[in-house]
Amino acid sequence: MRHKLLLLTRENERYRSLLASCHLPELELLDDNPANIRLADIWLAEPGLAAPLVNHASGLRWMQSTFAGVDLLVKPRQRRDYLLTNVRGIFGPLMSEYLFGYLLARQREHALYKSQQQQKLWLPGSYKTLQGSELLLLGTGSIAKHLAQTAKHFGMRVTGINRSAKATVGFDEVATLESLPTLMARADAIASILPSTEATRGILNEEILARMKPDAVLFNLGRGDVLDLDALERQLRQHPQQQAVLDVFNQEPLPEEHPIWGLGNVIVTPHIAAPSFPEQVAEIFSSNYHKFLLGETLSHRVNFERGY
């Protein structure tokens, strides 16, 4: 049987070139004609582009997302009669670069010394080491495991949170969300890599944020709706020694009028902590396509009920 592939990405030509070099058997790459939405049985797509069209895809059997996050495709009213896979296992190193880049810059007071340089001031600051400090990771999946491994290189204690408190390699302690208030009060750095689910949406609320240590730093790297952004803005305004580094938001782009833009103890980045590169996505798609041909279980299959 010959399969028909529809590309729905902002880099279609790049993907065409990459997939052509893979020499995938029995696969026809369709062009961008809207009629191909119904003809294709396989999609390689960005969730935001696919979600408005998926209900018209009468021939769809399998969709490979180019992103890890597939929130727009697993909403209750979206169809669920096809295989959905995402990309995983490629974001750990990128997320570590992002998190520890900002964390080390904070600990080593990069901004202070840059400011002093401009004034030609030679004034040693207050040295802080990561050794012995505690990193709380909300999530213990592949990304969190990589973050935990990196933290261990710096001598940090690592605590994780998952659904069942299942012990996980690389973590000193693992607990459930019920323990979050206690763990928040202990952590020097907190990073959320949680998916968006009924249990996680809004979990970082006013009450939980109020438990942060006076000089803690919070990273939101997973899903924007896990965090109450308005509550965080109030928290950080009242506690200027705390800091937040935010890469994901419930509404993207972050509206210009949101007051959190103007806080000196906040760093806002435009969802760039761990981008998925076409070369990596094409490799994952190619591997899954061969499994699809053989009727084998596809890698990184999404559970529609769980949402990830």
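Me: Two strands pair if DSSP finds at least two bridges between them. In this predicted model, what makes strand 3 (residues 42-45) and strand 4 partners?

Reply: Four bridges join strand 3 to strand 4. The requirement is at least two bridges, so the two strands count as a pair. They run parallel, and one of the residues involved is Ala-45, whose bridge partner in strand 4 is Ser-65.

Me: Which order do the strands of the sheet follow, and why is one side of strand 2 (27-29) and of strand 5 left without a neighbour?

Reply: The sheet is open, with five strands in the order 2-1-3-4-5 and parallel pairing. Strand 2 and strand 5 stand at its edges, and each has a single partner strand, so one side of each lacks a neighbour in the sheet. From one strand to the next, the twist averages 20°.

Me: Which strands does helix 10 touch, and which does helix 1 (residues 12-22) lie across?

Reply: Helix 10 packs on the sheet and touches strand 1, strand 2, strand 3, strand 4 and strand 5, with a direction at about 160° to that of strand 4. Helix 1 lies across strand 1 (3-8), strand 2 and strand 3, and runs at about 145° to strand 1.

Me: Why is Glu-46 called buried?

Reply: The relative accessibility of Glu-46 is 8%. Glu-46 is in the loop between strand 3 and helix 3 (47-50). Not counting residues up to four places away in sequence, it touches Leu-8, Thr-9, Arg-10, Thr-66 and Phe-67. A polar atom of the Glu-46 side chain lies 2.8 Å from the backbone nitrogen of Arg-10.

Me: What makes the pair of Tyr-82 and Phe-304 edge-to-face?

Reply: The ring centres of Tyr-82 and Phe-304 are 5.6 Å apart and their planes stand at 75°.

Me: How many aromatic pairs does the whole structure hold, and which residues do ring pairs link into a cluster?

Reply: The search finds six aromatic pairs. Trp-62, Phe-285, Tyr-289 and Phe-292 are linked into a cluster by ring pairs.

Key: Residues are numbered from 1 along each chain as its sequence is written. This is a predicted model: local features need pLDDT of at least 70, side-chain atom pairs count only at pLDDT 80 or more; totals for chains, interfaces and linings use all residues. Side-chain values use heavy atoms; hydrogens and water are left out. Rings of Phe, Tyr and Trp (its six-membered ring) pair if their centres lie within 6.5 Å; planes under 30 degrees apart count as stacked, over 60 as edge-to-face and the rest as tilted. Axes are lines fitted to C-alpha atoms, for helices over the stretch in contact, and angles run from 0 to 180 degrees between N-to-C directions. Contact means heavy atoms within 4.5 Å. Buried means under 20% relative accessible area, exposed over 50%, partly exposed in between (1.4 Å probe, protein chains only). A polar contact is a pair of N or O atoms within 3.5 Å; within protein, one must be able to donate a hydrogen and the other to accept it, and residues adjacent in sequence count only if both atoms are side-chain atoms.
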